[in-house]
Amino acid sequence: MAVYTEVPDDEMAAFVARYGIGELLSAKGIAEGVENSNYLLHTTQGSYILTLYEKRVNPDDLPFFLGLMQHLAGRGLICPQPVKDSRGEMLGRLAGRPAAIVTFLDGLSVRRPTAAHCQELGRGLALLHEAGADFAMERVNALSVPGWRPLAHQAGPDADKVSPGLARRIMAEIAVHEASWPKDLPRGVIHADLFPNNVFFIGSRLSGLIDFYFACTDAYAYDLAICLNSWCFEADGSFNLTKGQALLAGYESVRPLSEAEVAALPQLCRGSALRFLLTRLVDWLNVPPGALVKPHDPLEYDRKLAFHQRVLDAREFGLKR
Ligand SMILES: Nc1ncnc2c1ncn2[C@@H]1O[C@H](COP(=O)(O)OP(=O)(O)OP(=O)(O)O)[C@@H](O)[C@H]1O
Ligand SMILES: N[C@@H](CCO)C(=O)O
């Protein structure tokens, strides 16, 4: 994560003191990520992550995110667990922002996932879907089709400064999905941002999932599409069929896809590429002055979108049927 909000030392220590997690020894801003401000805390009792929720997080959604992590951890999924303060509250306020402390997970994220990592990830994603199936709360995916036109307007004509013709390409793509987005697919809790930086491994074994702040209620296969996009392309822009096959096989080893999900996968991949192109574009054009953040390249997702516009069948992602 990034650091948008600096917290004075005395405020930080007073905040941590309310949680019964020992005395604060150090608090370091974490430069990775783009969404919220994160600090790695060391206390006399161990390590924790402090998150201050920023612009894209609606405070009304925080009970969903924190409740979900608690629910998934209770179902045996390895994910951060929100820590309660002395009044039993998971959500606090620090430096003018909503804030929470969660447990620290061991493991490392991989920059260049192998097919074995993709297989583990696929399995982990399906386990997440199963573990979330009986979570009682719902959250609309604010970054699905109805959210794309407002994002495109936010970027406006400046999109063409990033790549000539981009504004027009985006509007044409939005129109395609508004007219034909698949409905009635199996749905439930999805992570919606399970990129390699949000998945930890110890050796080749998946050891934990983090960053549930885009989680929502949506089609399971859309989560798979997000992972195909973020795990299976190479740095040269090519799609790695072996990785796609491994990811899908890992997923189906736990939760086989229905025919409708298989048929919808090419469009879901296309829409997911557009979603990340749009949010990255808006962020690229609006870096807050002084923030410790490195925005992601929107054009990476423009190239992925171009790939998906030519895909006709999920077998082109490595699906073996
Ligand atoms: N519970 C945790 N345990 C260990 N490390 C964590 C934990 N939560 C976050 N981190 C560390 O902080 C970094 C940023 O966290 P995270 O990915 O949640 O930020 P973000 O701003 O939401 O990022 P993104 O760009 O993926 O949305 C991670 O890469 C990881 O190194
Ligand atoms: N994972 C996202 C950032 C968080 O939404 C991206 O890479 O664009």
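**View 1. The shell around ligand 2 in this predicted model.** The shell divides into 3 nonpolar, 2 polar and 3 charged residues. Ala, Val, Leu, Ile, Met, Phe, Trp, Tyr, Cys and Pro count as nonpolar; Asp, Glu, Lys and Arg are charged; the others, Gly among them, are polar. Look for Val34, Glu35, Asp193, Phe195, Phe276, Thr279, Arg280 and His296. A residue belongs here if its C-beta atom, placed from the backbone, lies within 6 Å of the ligand. Residues are numbered from 1 along each chain as written, with chains lettered from A and ligands numbered from 1 in written order. Because the model is predicted, local features need pLDDT of at least 70 and side-chain atom pairs 80 or more, while totals for chains, interfaces and linings use all residues.

**View 2. The largest nonpolar core.** This core holds 86 residues. Such a core joins buried Ala, Val, Leu, Ile, Met, Phe, Trp, Tyr and Cys residues through C-beta atoms within 7 Å. Buried means 20 or more other C-beta atoms within 10 Å of a residue's own; exposed means 12 or fewer; partly exposed is in between. Helix α9 (residues 259-285) gives the most, with 11 residues. Helices are DSSP runs (H or I, at least four residues), numbered from the N terminus.

**View 3. Ala225 and its contacts.** Ala225 is among the residues with the most contacts inside the core. Beyond neighbours within four places in sequence, Ala225 touches Leu265, Leu268, Cys269 and Ser272. Contact means C-beta atoms, placed from the backbone, within 7 Å.

**View 4. Asp10 in helix α1 (residues 9-17).** The C-alpha atoms of Asp10 and Arg111 are separated by 36 Å.

Key: Helices (H or I, at least four residues) and strands (E, at least two) are DSSP runs, numbered from the N terminus. Two residues are in contact if their C-beta atoms, placed from the backbone, lie within 7 Å.
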